[in-house]
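Please examine the sequence and the structure shown below.

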Amino acid sequence: MLRMKTGAAVQKNDPKSGFTLITPDADISTARHGGRAKCLQRLIRLDMPVPATAALDFAAVRALAAGTLPDLPALLAALGGDVLVSVRPSSEDKDWGGPGAMLNIGMNDAAHARLSRSHGEAAANALYTRFIQSYAVSVERLDPDIFAEIDPAAPDAARQMLALYEAETGQRFEQDPLAQLAAVLRSMARAWEGTTARILRMSKGAPADAGLGLVVQKMVLGVGAGICGSGVIQFINPATGAREIRGRYLCKSQGRDALARAGDEAVMYLTADPRGRSVEEVLPESFADLLRYGELCRTRLREEMQIEFTIENERLFILDAVRVARSERANLRVAVALAEDGVITREEALMRIPPRALTELLHSQVDPEGPRDVIASGIAASPGAATGRIVFTAREAQSAAARDEPSILVRRETTPEDIRGMHAALGVLTQRGGITSHAAVIARGLGLPCVVGAGDIEIDMAAGTLTCADGRILRAGDTITIDGTSGEALAGAAEMLPPALDDAFATLMAWADAARDISIRANADTPQDARKALMFHAEGIGLCRTEHMFFEPGRLLAMREMIFADHADDRKAALERLLPMQRADFTELFRLMAGKPVCIRLFDPPLHEFLPHGREGLRELAEALELPLSDVTARVEAMREFNPMLGLRGVRLGLTVPEIYDMQARAIFEATIEASTGAEPVVPEIMIPLVSARREVEIVRARIEAVAAAVRVETGAAFAYRLGVMVETPRAALRAGDIAPHCAFLSFGTNDLTQMTYGLSRDDAGRFMGEYVRQGVYSEDPFHLLDEEGVGELLTLGASRGRASNPELTLSICGEHGGNPESIAFCRAAGFDYVSCSPFRVPVARLAAAQLAIAERTGKPAASA
């Protein structure tokens, strides 16, 4: 066993020794010694029976990697001298990882002989063979498989392993305990400094120079002649957060063996169980102590901890305690419970939940403990999970919905024509596209699970087949599951967990609303979207894209008739058919929102998006319009643009085909009057899209004012409204000072503003954006996270210049960035009044806004997203 060198003096916590014995008053800190060392000190302070433990700080471990050893004889003397020890890593953040633990350091031939006499030969063999294998693999870097043919339970297993070790290394197995410990410490230190380990921990958010501490602990063997063993215990369900005792105990074992050998007959239940023996019944005092220690961890460490323990001849020892690994729904439930019990404050509970983690709670999720048969991998574009039968067209999705059959829409990529199918399907899988592609943006708005950019599949639309990377061929009607949280598609119906919109979620959101200081609205295009927005307590609608209303089957033909009309009177006639439909939409929206603000964007997309492209669709349109197919085809071709994003759309369409905006304004005003009758007055907000010049605003404003005056005269009703501009072009941001006096608000559409600032199409950027980020051209995909340096400067300039010329100007953003915590931080700093995002991102935004306000007030950072 490990022994001191002759004459070594025992000096506890001598700064020159290179280690610190962990005692209640020792100078131990997470920043210098790591989280495990600090946690062990806290357990000791709570009078838990922790074996003697010493900590090596980050500087000592760096010195180890360079070849300088601490005073090992003094260290061993501090631990009791004649003992076996273990070494475990202690990084500042446990998520940064570290080398694996090493047990039984100090085992050699002499120790084996002694333990055979005191504990039995089987126990001594188990300790020795475990150490030989660990030392060979971790220190000497031998292949783990070299011991595969040796049965560790065989009486001569240790002898066989020693012989094999000597044959592989050309040297006898190290018998000097001090040399063993030195080699283990040096190996762990150098492993931490290795390139692979450095890259891995940096990918988890660790700084490049993150330090590692090491914890050296006296072994409690757990393999004695009496009642001995090891186990782990925790007091919550890691999936749900519900209070319950979970864990395992394995007789005659060490470390975390109980978890690795779940089916072993020596496993003992923790609580009384009719199926077999339990710690509660066999060792009632130890069980009661474990319950008490768990409650101490909860109330004094203010966390739900998993406790690792060993029992040696009926005596309980606590080896370690770590935060229970848990799902996000469990994390939220735990934080709320701790706050309600007075263990932590409400503000701390809010700060413990990463905002983006809420997306897991809002949707069904694939059960992480269930089987996964992955058939495709892509980009996790919209969170949640759904199971359904494969359909390849929007029409098939609608037909399936009419039969109450769940479906998954599978496309190479989606277009505006697919929106109806996306409404009908339960999930979307596309072969192409990125995080801001059409499919991704629409799916997030609808709350649909979506995986895009699954380039390892092949879709044959003609044959109706999906070919997986492994060669499997799936056909229309086959069942698959979309996991939009992980970015995978699975064969068959996966096991699911339901959404977790329970009392704990509602409580946390109420606390968030009380803490935040910026308003959160939702992007909602339909009454269904508005209901979702209200369900998540949005404070209004910040963007209602009216063009989505025209894709309904009963309206699309009227829209196409308007497009094909040659004269203004014909366009008006077609639009008059749409007027009552639009009015009904707006009336329902206003009534649903019950006085909350509703910002309606006037018609934005190019008209050709409403026209069919395939031969079958063109033929159907020709029949409906009673026109020759050749005429319809020619007209559709003539309307195609080289770059539709920069073509005839938005306010440009409003100026060249003014009848569209006239109809929409009338529908808004008539709906305002109808919804205000017998209720709180509605004050709609009307937003002009794609503005780049002041004169555009003046012209549209004059026509809208004329429509408002006409409606007031016709109805005899008074109403108010607010007119604003959607800032999507760089020029509009730069000339905001000219535009602002003519409007009540500016809402920055960061999707198009980013596209125009970068000269990038968000639908195509996914093909190379990953390489750009990898090479450091961009730090992050600008369509995923707001580019504060470039696009952000345009927002700041637009806001400052707009407010300078109109101090009462309301400012907001309504693009996909609106739900990102980083964007909300930027908007708060820039003095914006609200952000608007898709309904399912509203809770994320509410929590992020609360955390920003709390952090500003207290200086404490929130949990990382």
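**Strand 6 and its partners**

Strand 6 and strand 9 (residues 305–312) run antiparallel and are joined by five bridges; strands are DSSP runs of E with at least two residues, helices are runs of H or I with at least four, and both are numbered from the N terminus. Two strands count as paired if DSSP finds at least two bridges between them. This is a predicted model, in which local features need pLDDT of at least 70 and side-chain atom pairs count only at pLDDT 80 or more, while totals for chains, interfaces and linings use all residues. Residues are numbered from 1 along each chain as its sequence is written, and side-chain values use heavy atoms, with hydrogens and water left out.

- Within strand 9, I311 is the bridge partner of G229.
- Strand 6 is also joined to strand 7 (residues 243–251), by seven bridges, and these two strands run antiparallel.
- In strand 7, L250 stands opposite S230.
- Six residues lie between strand 6 and strand 7, which form a hairpin, and G241 in the turn has a positive phi of about 85°.
- Strand 6 (residues 229–236) is mostly covered, with eight of its eight residues buried (under 20% relative accessible area, where exposed is over 50% and partly exposed lies in between, with a 1.4 Å probe and protein chains only).

**Two buried residues**

- M107 is located in the loop between strand 4 (102–105) and helix 5 (109–119).
- M107 counts as buried because its relative accessible area is 0%.
- Leaving out residues up to four places away in sequence, M107 touches several residues, among them L84, L115, Y128 and F173 (contact means heavy atoms within 4.5 Å).
- L84 is 23 residues from M107 along the chain, and their C-alpha atoms are separated by 7.0 Å.
- T672 belongs to helix 26 (residues 658–676) and is buried, since its relative accessibility is 1%.
- Apart from neighbours within four places in sequence, T672 is in contact with F590, V682, P684 and F719.
- The side chain of T672 also reaches the backbone oxygen of I668, at 2.7 Å.

**Lining of the second largest pocket**

- Which classes of residue make up the lining of the second largest pocket? This lining has 18 nonpolar, 16 polar and 15 charged residues (Ala, Val, Leu, Ile, Met, Phe, Trp, Tyr, Cys and Pro count as nonpolar, Asp, Glu, Lys and Arg as charged, and the others, Gly among them, as polar).

Key
Polar contact = N/O pair within 3.5 Å; in protein donor to acceptor, adjacent residues only side chain to side chain.
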